[in-house]
Structure formats: structure tokens, C-alpha cells
Amino acid sequence: MPLYRDVGVVVRTHKLGETDRIVTIVTQDSGKVRAVAKGVRKPGSRFGSRLEPLSHVQIQLYRGRDLDIVNQVELVETASALRNNLEATTDGLAMCEVVEQLAHDREPSPHLYRMLVGALRQLNTAFSPLVLPALQLRLLATEGVGPCVDQCVVCGTREDLRAFDVGAGGVQCRAHKRGLGISGEALNIVQSILDGRVAVVLQRTSPSVAVVREVTELARIAMEHHLERRIRASSLFKAPHPG
Ligand SMILES: [Zn+2]
């Protein structure tokens, strides 16, 4: 079996047999990789604790046909502050889940790896509840399906934007509003994120809980809408109904 090395983030694990675990890793150069980690649930395992979701690891694997086999793991960085903050951990796991769904098996997607590592680092060093929605919105923009948030998707006006309709792909003015209502402050934050000014948003704004909730909700439904469409499209493609 050929041996290879990569860096990646563990995005999911599940148990296999009595002492093993299957880990899913979004890597820098090898895409999404699923690998068996043997014996990691035994007490005193050499690298069990390094193969938890959220872990940023350097890893050596034997290439298998379907599943690879973990040979060595080193932590690239520890994320202790993140793990000690329940809200940050929850958001970090949600980020892992989204990136796992966007990544394809063995198809290199270094931007997904880089964006996930950057967002996890941000959660670890300076937690903000806007890190998760910012990542989701930037991922959508990178996939080419970022929502239109600068003008009404019905009439094109830039004035008095009041609502967000995920099905229509963006915001609407007062006359055409449908879907989720959105405040001017929340919309400003979403616009700044999509314009690439994430650092400014995270450092300079301290929005109210209500505004954070609006931004979070908008990003979540936009991402879910995209993932559902993609999953539907790919399952139709892979398993068409006979006749
Ligand atoms: Zn309009």
C-alpha cells in the first residue's frame, strides 16, 4: 500500500468494531479522506486523542481502495481555548459539518482546508458568534452561489431592502419583500462579509444578540438551501429512477 502525508482537519469520527475508529479528514492536497484509525479507542492509544473532530493534524496514511489507514498523526496546533468554550465548540463542529458536505472524496480542495483552518483558528483565538455565519457566506461565494444582498432581486433597487428570500437568491425591497425579514444592521454585516471584509466585521462591530441571530439565520438557511439542492442533484445523477 502506498504511503502518503498531508495536513488536514478531522471533521468527523465514528466507531468501528471494539477499538477502532473511522475518521473523516478534510486535507489540503488529497481532498476529503476517510481512514481507519486502528486501536485508537484502547486506553493509552498513541494518537487517539489527536483524532477528534476539530483537530488540525499532520497525518501519514496508507492509501486503500475505499478507506485509508492512519499510520501517524501529529497535532499541527492545539485548540484548547476553542475546546473549553462550549459555544465555540458547537460552532466549530457546525463548520466541520458544512465543509465535510462541500468537500469531495479525494478531490483536492485546498481552499476548503484553508478556510476551515482559518475559521477554527479565529474561534480559538478570538471567539465571535459571527465566525460561523461568515465562513458559511464566504463558502457560498466561493462556490459561486453567494446570495445577492446589494439590490432587490425583483426590481433592482438598492434602497429600503427589508427581507431575504432564499428561493429567490437574495434580498428584496419593502415593496417586494418575502421570506425572512432582515434589519439594516444585519444586512450591512452580511454585505461586508460577502465583500471580503470579514476581519473588519469581526474586529470592529459588536452587534446585538438579535442582529447576530439574524445574520446567523440568513447564513444557515442559505447554506442549507445550497446543500439540499446539491445533494438532490447528485442523488438524482447517481441513482436515477428506472423507467
Ligand atoms: Zn423590489
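Is Gly-144 buried or exposed? The points below take up this residue and then the rest of the predicted model.

1. Gly-144 counts as exposed, because its relative accessibility is 64% and the cut-off for that class is over 50%. The residue sits in the loop that links helix H4 (131–142) to strand S6 (161–165). Gln-172 is 28 residues away from Gly-144 along the chain, and the two C-alpha atoms are separated by 20 Å.

2. As to the overall fold, the chain contains seven helices and eight strands. Of its 243 residues, 44% are buried. The C-alpha trace spans about 60 × 55 × 25 Å along its principal axes.

3. Strand S6 also belongs to an open sheet of three strands, ordered S7-S6-S8 with antiparallel pairing. Strand S7 (170–173) and strand S8 (180–181) are the edge strands, each pairing on one side only. S6 and S8 run antiparallel and are joined by two bridges; Phe-164 has Leu-180, in S8, as its bridge partner. In general, strands of a sheet pair through backbone hydrogen bonds, in either a parallel or an antiparallel manner.

4. The second largest pocket has a volume of about 220 Å³. Its lining comprises 13 residues, and those lying nearest the centre are Val-145, Val-166, Gly-169, His-225 and His-226. By class, the lining consists of seven nonpolar, five polar and one charged residues. Helix H7 (residues 209–238) gives the most to this lining, with four residues.

5. Helix H2 (residues 86–102) is 17 residues in length and reaches 25 Å from its first C-alpha to its last, which is close to the 24 Å expected at 1.5 Å a residue. At the start of H2, the backbone nitrogen of Glu-87 has a side-chain oxygen of Asn-85 within 3.0 Å. The buried residues of the helix are Ala-88, Thr-89, Asp-91, Gly-92, Met-95, Cys-96, Val-98, Val-99, Glu-100 and Leu-102. The spacing in such a list may be read against the helical repeat: an α-helix has 3.6 residues a turn, so residues three or four places apart point the same way.

6. Helix H5 (residues 184–194) likewise has buried positions, namely Ala-186, Leu-187, Ile-189, Val-190, Gln-191, Ser-192 and Ile-193. Just after H5, Gly-196 adopts a positive phi of about 90°.

7. Leu-54, however, has a positive phi, near 90°. Leu-54 is located in the loop between S3 and strand S4 (56–62), and it counts as buried because its relative accessibility is 5%, where the class requires under 20%.

8. Arg-106 is not a glycine either, yet its phi is positive at about 55°. This residue is in the loop between H2 and helix H3 (110–125). Arg-106 is partly exposed, since its relative accessible area of 29% falls between the cut-offs of 20% and 50%.

9. Ala-37 is part of strand S3 (residues 32–37). With a relative accessibility of 0%, Ala-37 counts as buried. Leu-61 is 24 residues from Ala-37 in sequence, while the distance in space is 9.6 Å, C-alpha to C-alpha.

Conventions
Residues are numbered from 1 along each chain as its sequence is written. This is a predicted model: local features need pLDDT of at least 70, side-chain atom pairs count only at pLDDT 80 or more; totals for chains, interfaces and linings use all residues. Side-chain values use heavy atoms; hydrogens and water are left out. Buried means under 20% relative accessible area, exposed over 50%, partly exposed in between (1.4 Å probe, protein chains only). On a 1 Å grid over the protein atoms alone, a cavity is a set of points where a 1.4 Å probe fits but cannot get out, and a pocket is an open set with protein on both sides within 12 Å along at least five of seven lines; lining residues have an atom within 4 Å of a point. Grid points are joined across faces, edges and corners, and a volume is the space filled by probe spheres set on the points. Ala, Val, Leu, Ile, Met, Phe, Trp, Tyr, Cys and Pro count as nonpolar, Asp, Glu, Lys and Arg as charged, and the others, Gly among them, as polar. The expected span of a helix is 1.5 Å times one less than its number of residues. A polar contact is a pair of N or O atoms within 3.5 Å; within protein, one must be able to donate a hydrogen and the other to accept it, and residues adjacent in sequence count only if both atoms are side-chain atoms. Two strands pair if DSSP finds at least two bridges between them.
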